Amino acid sequence: MNTSNLLYLSSIANQSAKKATGLFDSDFQSILLILLSSTGIYLAVIVYTRIFGKRSFSKMSSFDFAMTVAVGSIIATTILSETVSLFEGAVGLLMVYILQLVAAYLRRYSWFEKQIDNQPTLIMDGQTILKKNLEAVRLTEGDLRSKLREANVTKLSEIKAVIFETTGDLVILHKKDNDAIDHWIINDVKR
């Protein structure tokens, strides 16, 4: 390496060090831009959510989860990045909302729904733990016991069924009587 390359690398290192030295170093213009971007992108989220509906933040499917993560990322990038303008952030946010709306519409078709949604899975049928299904959804018996305690189950005989939902939630259907579960309720549950 020659001297000019070393001097160049040294100047870059010094500039980086200057930027990184002060934890609270910031100028008024940067703070003002962050405040304006935060306000603008927050208002955009409110407007888009009112237009596209509450489903935008539901946890119904993996696509809904991706929507929530994408919105959070776009908000953070728009607020804190100097390279993304408020307009660009709002357009990116609008695109994510439009994709969510299109996906919600296409989920009416079973071929599309099967591609983006997980299928609810039966974990327990009465007192019987379905070990293959438990392994398929990557739960342990310890996880299952914890959720049963959380649902105030004191005896396995109280359980009619345990279902691992598409959202990752475990639903415990309690035995209150000897009636069978209506087929419509468990129609899409993988056995």
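The notes below cover helix packing and then aromatic pairs.

The model is predicted, so local features need pLDDT of at least 70 and side-chain atom pairs count only at pLDDT 80 or more, whereas totals for chains, interfaces and linings use all residues. Residues are numbered from 1 along each chain as its sequence is written, and side-chain values use heavy atoms, with hydrogens and water left out.

**Helix α2 against helix α3**

- Helix α2 (residues 28-52) packs with helix α3 (residues 62-80) at an angle of about 155°, their axes being 8 Å apart; helices are DSSP runs (H or I, at least four residues) numbered from the N terminus, and axes are lines fitted to C-alpha atoms over the stretch in contact, with angles from 0 to 180 degrees between N-to-C directions.
- α2 and α3 are therefore roughly antiparallel, the term for angles over 145 degrees, while those under 35 degrees count as roughly parallel.
- The crossing of α2 past α3 is right-handed, that is, the near helix is turned clockwise from the far one by less than a right angle.
- On the α2 side the contact (heavy atoms within 4.5 Å) involves Ile34, Ser37, Ser38, Ile41 and Val45, and on the α3 side Val71, Ile75, Thr78, Ile79 and Leu80.
- Sorted by class, the contact of α2 with α3 holds seven nonpolar, three polar and no charged residues, where Ala, Val, Leu, Ile, Met, Phe, Trp, Tyr, Cys and Pro count as nonpolar, Asp, Glu, Lys and Arg as charged, and the others, Gly among them, as polar.

**Helix α2 against helix α4**

- The axes of α2 and helix α4 (residues 86-106) cross at roughly 20° and come within 10 Å, which makes α2 roughly parallel to α4.
- α2 also passes α4 in a right-handed crossing.
- Residues of α2 including Leu36, Gly40, Ala44, Tyr48 and Phe52 meet residues of α4 including Leu86, Ala90, Leu93, Tyr97 and Leu101.
- The contact of α2 with α4 has 13 nonpolar, four polar and no charged residues.

**Aromatic pairs**

- The count comes to three aromatic pairs, with ring centres within 6.5 Å, the six-membered ring being used for Trp, and planes over 60 degrees apart called edge-to-face.
- Among them, Tyr105 and Tyr109 are edge-to-face, at 6.2 Å centre to centre with 75° between the planes.
- Tyr105 is partly exposed at 42% relative accessible area, as is Tyr109 at 38%, the term covering values between buried (under 20%) and exposed (over 50%) with a 1.4 Å probe and protein chains only.
- Trp111 and Phe112 also form an edge-to-face pair, with centres 5.8 Å apart and planes at 80°; Trp111 is exposed at 53%, whereas Phe112 is buried at 14%.

Methods:
Helices (H or I, at least four residues) and strands (E, at least two) are DSSP runs, numbered from the N terminus. Angles under 35 degrees count as roughly parallel, over 145 as roughly antiparallel, 65 to 115 as roughly perpendicular and the rest as oblique. Rings of Phe, Tyr and Trp (its six-membered ring) pair if their centres lie within 6.5 Å; planes under 30 degrees apart count as stacked, over 60 as edge-to-face and the rest as tilted.
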